[in-house]
Amino acid sequence: SPPSSGYECDDGVAFNSLSHVLAGLLSSLLFLPSSPSRPLGQVAQAAAVGSWCFYPVYNLVKRLLTSWETFASSSYSNNAMEYALASVAGLAAGAAAARC
């Protein structure tokens, strides 16, 4: 069978996209409303920064190792875009929540 491009329409694709969006939203929502002067706020900000660094590197390494021959057609850019757009939406939601 031909190599998978990651864009097949099956039950796993919707869940996969949702998981990237939720991860991006949650990582951003942890960051803005937390106060760095409190210990829990420092933990939340460290978790947010860690997830911002971890997932993009993990995604890149995974795609390079599993589909280096077909990297251009792998799901790397799709996954990265879902995560990035959700992170921006999470930053906006966090900023709005901090103003309330």
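**Aromatic pairs and their surroundings**

At 57% relative accessibility, Phe-54 counts as exposed; the cut-offs are under 20% relative accessible area for buried, over 50% for exposed and in between for partly exposed, with a 1.4 Å probe and protein chains only. This is a predicted model, in which local features need pLDDT of at least 70 and side-chain atom pairs count only at pLDDT 80 or more, while totals for chains, interfaces and linings use all residues. Residues are numbered from 1 along each chain as its sequence is written, and side-chain values use heavy atoms, with hydrogens and water left out.

How many aromatic pairs are found in the whole structure? The search finds four. Rings of Phe, Tyr and Trp (its six-membered ring) pair if their centres lie within 6.5 Å; planes under 30 degrees apart count as stacked, over 60 as edge-to-face and the rest as tilted. The pair of Phe-54 and Tyr-58 is stacked because the ring centres are 5.7 Å apart and the planes are at 15°.

Both Phe-54 and Tyr-58 belong to helix H2 (residues 39-67), where four residues, about one turn of the helix, separate them. Helices are DSSP runs (H or I, at least four residues), numbered from the N terminus. Tyr-58 has 38% relative accessibility, so Tyr-58 counts as partly exposed.

Another pair, Tyr-55 and Tyr-83, is tilted, with 4.9 Å centre to centre and 35° between the planes. This pair links distant parts of the chain, since Tyr-55 is in helix H2 and Tyr-83 is in helix H3 (residues 76-99), 28 residues apart. Tyr-55 counts as buried at 14% relative accessibility, and Tyr-83 counts as buried at 6%.

Phe-54, Tyr-55, Tyr-58 and Tyr-83 together make one aromatic cluster.

How values were computed:
Helix = DSSP H or I, 4+ residues; strand = E, 2+ residues; numbered from the N terminus.
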